[in-house]
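The notes follow the order of single residues, sheet, helices, pockets and whole chain.

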Amino acid sequence: MSNFYYVDRSKVTFEDFIASPEIKQHLMAFLHEQQFKHLFDQYKIPVANKLLLYGDSGCGKTMTAKVIANHLNKKLVIVNLATIISSKLGETAKNLDQLFKESQYESMVLLLDEFDSLGQIRDYDNKDNSEMKRVVNAIIQLMDYFPQKSILIAATNQIHMIDEALKRRFEWQIAYEKPAQELLNDLYKTLEAPIPHQYHPKERLYDVSYAEAKDYFYKQVKQNIINEQLS
């Protein structure tokens, strides 16, 4: 199973997390629910532990999972579902079952990336459709019995392709979109902090994702350093 996932050990605090006030509000509410779980338990009030994060690529979905794992002091296991769906579709449910069993043994945050590759709405004429339906049914059962001590997060860029029965299993659903200019400015300031001013990009890129802004920033910085050496 280690071929299908990796353990992320980076530490990202809530304070380090750059996101819109709406996303931070949702995230803090979820973390508070986990923090006071013992109070809800005494009244047999269910505690949410499944989140669906959807929206533009590179806009903070994986970072959200890192914040949750760090805040709750849990291991973060990241799975790319495009790799776990075997070319032999009959093995997919088995692979998923093995993966979910690991969440029974220890407390973790399990991030299922590219969730739409599993829960896609398939054409009824597609020869793989019946097998994919069985896979969707299998993961629905696994989600229904997902342990309370762990957190399940699914991330997708294509929410419209997720089966409705899968969507309903997530108590929290949070939308992500390209960040506003002030949020990108916060990111640029954080990236600039350890780098001498003369290497900072002369211009900032906007109307892009956090990932695109970060890539742009470091490309410009590296080019400025190279230009200085070659001049």
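1. Is Asp 207 buried or exposed? The model is predicted, and in it Asp 207 has a relative accessible area of 61%. Because the cut-off for exposed is over 50%, Asp 207 counts as exposed. Asp 207 sits in the loop that joins helix 8 to helix 9. Its phi is positive, about 60°, although Asp 207 is not a glycine. Most residues other than glycine have a negative phi.

2. Glu 114 is another non-glycine residue with a positive phi, here about 55°. Glu 114 belongs to the loop between strand 4 and helix 6 (129–144). With a relative accessible area of 34%, Glu 114 is classed as partly exposed, because that class runs between the cut-offs of 20% and 50%. A positive phi, near 55°, is also found at Asn 73, which follows helix 3.

3. Which residue of strand 5 is the bridge partner of Tyr 54? The partner is Thr 156. Strand 2 (residues 50–55) and strand 5 are paired in the parallel sense, over 5 bridges. In general, strands of a sheet pair through backbone hydrogen bonds, either parallel or antiparallel.

4. The sheet as a whole is open and has 6 strands, in the order 1-3-4-5-2-6, with mixed pairing. Its edges are strand 1 (5–8) and strand 6, each of which pairs on one side only. From one strand to the next the twist averages 20°.

5. Two helices can be described by the strands they lie across. Helix 1 lies across strand 2, strand 5 and strand 6, and runs at about 155° to strand 6. Helix 5 (residues 92–105) lies across strand 1, strand 3 (75–80), strand 4 (108–113) and strand 5. The angle between helix 5 and strand 4 is about 160°.

6. Tyr 105 is a residue of helix 5. Its relative accessible area is 66%, so Tyr 105 passes the cut-off of over 50% and is exposed. Tyr 105 and Pro 147 are 42 residues apart in sequence, and their C-alpha atoms are 9.5 Å apart in space.

7. The largest pocket has a volume of about 700 Å³. Its lining comprises 25 residues, and those nearest its centre are Gly 58, Gly 60, Met 63, Tyr 210 and Ala 211. At least two lining residues come from each of helix 3 (61–71), strand 5 (151–156), helix 8 (181–192) and helix 9 (210–230). Which element gives the most to this lining? Helix 3 does, with 4 residues. By class, the lining of the largest pocket holds 10 nonpolar, 8 polar and 7 charged residues.

8. Helix 3 deserves a separate entry. Its buried residues are Lys 61, Thr 64, Ala 65, Lys 66, Val 67, Ile 68 and Ala 69.

9. How many residues line the second largest pocket? There are 16, with Ser 20, Glu 22, Ile 23, Ala 175 and Glu 177 nearest its centre. Two or more of the lining residues come from each of helix 1 (21–35) and strand 6 (172–176). Strand 6 has the largest share, 4 residues. The volume of this second pocket is about 230 Å³. Its lining divides into 10 nonpolar, 3 polar and 3 charged residues. Strand 6 is also an edge strand of the sheet, and helix 1 lies across strand 6.

10. For the chain as a whole, there are 9 helices and 6 strands. The chain has 231 residues, of which 45% are buried. Along the principal axes, the C-alpha atoms fill a box of roughly 60 × 50 × 30 Å. Among contacts between residues at least 6 apart in sequence, 77% join residues at least 24 apart.

Definitions and conventions
Residues are numbered from 1 along each chain as its sequence is written. This is a predicted model: local features need pLDDT of at least 70, side-chain atom pairs count only at pLDDT 80 or more; totals for chains, interfaces and linings use all residues. Side-chain values use heavy atoms; hydrogens and water are left out. On a 1 Å grid over the protein atoms alone, a cavity is a set of points where a 1.4 Å probe fits but cannot get out, and a pocket is an open set with protein on both sides within 12 Å along at least five of seven lines; lining residues have an atom within 4 Å of a point. Grid points are joined across faces, edges and corners, and a volume is the space filled by probe spheres set on the points. Ala, Val, Leu, Ile, Met, Phe, Trp, Tyr, Cys and Pro count as nonpolar, Asp, Glu, Lys and Arg as charged, and the others, Gly among them, as polar. Two strands pair if DSSP finds at least two bridges between them. Axes are lines fitted to C-alpha atoms, for helices over the stretch in contact, and angles run from 0 to 180 degrees between N-to-C directions. Contact means heavy atoms within 4.5 Å. Buried means under 20% relative accessible area, exposed over 50%, partly exposed in between (1.4 Å probe, protein chains only).
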